[in-house]
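Biologist: Could you take me through this model? I would like to begin with the core and then turn to the helix contacts.

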Amino acid sequence: MSSMEKRTSPTRRRLTRDDRQRQLLDVAWTIIRNEGTEALTLGHLAEQAGVTKPVVYDHFVTRAGLLAALYRDYDIRQTALMEEALDKSEPTLKGKAEVIASAYVACVLKQGREIPGISAALAGSPELEKVKRDYETVFIEKCRATLAPFSGSGTIASAGLWGMLGAAESLSFAAATGDITAGQAEDELYQTILSMVGRNAGQ
């Protein structure tokens, strides 16, 4: 190769830390989708992403750290989707309930079968379970603030909200695995939300 060819050859752009982490997360989601959660290790992620192991360890440190980052990535998308939809929704109980139901199911379905596997892995250790519970608590409080004005009493009991979240997760996962349709999951969750708010009317 001549000196001219060397000077004009394109150079490989070095990714920023944020861009590299985005790439690694995208590859990790692909591994889970194609091979299952158990196949996701830091070494396998490095191999599939075309980077060295130290690069992956620098970003996530441990497999638990990677799983937590994946759940955080999912939660950020879920929150953004729901907040945007709530901002555009009708200022009625039915309008807000419909948005919460549809946005929750849509976000799980967008991630396909990966989320049930991630959730199961998060439940496998106290540290990871705390990560999941922290994000669930934020979601619960968002729903409380959104729905409380329609309850009559101005509040929503925590037991009802946690029950709603359990229903949302179960229905969404059932839709993701094809046991029920997305529409059925959304309709059932919608009715669950209306019922929950109705039970708080006289409190």
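Biologist: Before that, what kind of model is it, and how are the residues numbered?

Modeller: This is a predicted model, in which local features need pLDDT of at least 70, side-chain atom pairs count only at pLDDT 80 or more, and totals for chains, interfaces and linings use all residues. Residues are numbered from 1 along each chain as its sequence is written, and side-chain values use heavy atoms, with hydrogens and water left out.

Biologist: How many residues does the largest nonpolar core have?

Modeller: The largest nonpolar core has 61 residues. A nonpolar core here is a set of buried Ala, Val, Leu, Ile, Met, Phe, Trp, Tyr and Cys residues joined through side-chain atoms within 4.5 Å. Buried means under 20% relative accessible area, exposed over 50%, and partly exposed in between, with a 1.4 Å probe and protein chains only.

Biologist: Which residues have the most contacts inside it, and which helix gives the most to this core?

Modeller: Those with the most contacts are Leu 45, Phe 60, Leu 66, Leu 70, Leu 189 and Ile 193. Helix H6 (residues 93-110) gives the most, with ten residues. Helices (H or I, at least four residues) and strands (E, at least two) are DSSP runs, numbered from the N terminus.

Biologist: What does Leu 189 touch?

Modeller: Not counting residues up to four places away in sequence, Leu 189 touches Ala 101, Tyr 104, Val 105, Met 164, Ala 168 and Leu 171. Contact means heavy atoms within 4.5 Å.

Biologist: And Ile 193, is that buried or exposed?

Modeller: Ile 193 is buried, with a relative accessible area of 0%. Ile 193 lies in helix H10 (residues 182-199). Leaving aside neighbours within four places in sequence, Ile 193 is in contact with Ala 97, Ile 100, Ala 101, Leu 147 and Met 164.

Biologist: Changing topic: how do H2 and H7 cross?

Modeller: The axes of helix H2 (residues 17-35) and helix H7 (residues 114-122) come within 9 Å and cross at roughly 100°. That makes H2 roughly perpendicular to H7. Axes are lines fitted to C-alpha atoms, for helices over the stretch in contact, and angles run from 0 to 180 degrees between N-to-C directions. Angles under 35 degrees count as roughly parallel, over 145 as roughly antiparallel, 65 to 115 as roughly perpendicular and the rest as oblique.

Biologist: Which residues make that contact?

Modeller: Trp 29, Ile 32 and Arg 33 of H2 meet Glu 114, Ile 115 and Ile 118 of H7. By class, the residues of this contact divide into four nonpolar, no polar and two charged. Ala, Val, Leu, Ile, Met, Phe, Trp, Tyr, Cys and Pro count as nonpolar, Asp, Glu, Lys and Arg as charged, and the others, Gly among them, as polar.

Biologist: Glu 114 is charged; buried or exposed?

Modeller: Glu 114 is buried, with a relative accessible area of 3%. Apart from neighbours within four places in sequence, Glu 114 is in contact with Trp 29, Ile 32 and Arg 33.

Biologist: What about H2 and H5?

Modeller: Their axes come within 11 Å and cross at roughly 95°, so H2 and H5 are roughly perpendicular to each other. From H2, the contact includes Arg 22, Leu 25 and Trp 29, and from H5 it includes Leu 66, Asp 73 and Tyr 74. The contact has eight nonpolar, no polar and three charged residues.

Biologist: How many aromatic pairs are there?

Modeller: The structure holds three aromatic pairs. One of them, Tyr 71 with Tyr 135, is tilted: 6.0 Å centre to centre and 50° between the planes. Tyr 71 lies in helix H5 and Tyr 135 in helix H8 (residues 126-147), so the pair ties together parts that are 64 residues apart in sequence. Rings of Phe, Tyr and Trp (its six-membered ring) pair if their centres lie within 6.5 Å; planes under 30 degrees apart count as stacked, over 60 as edge-to-face and the rest as tilted.

Biologist: Which residues do the ring pairs link into a cluster?

Modeller: Tyr 71, Tyr 74 and Tyr 135. Tyr 71 counts as buried, at 6% relative accessibility.

Biologist: Finally, what is phi of Val 61?

Modeller: Phi of Val 61 is near 70°, a positive value in a residue other than glycine. Val 61 is found in the loop between helix H4 (53-60) and helix H5 (63-88), and counts as exposed at 57% relative accessibility.
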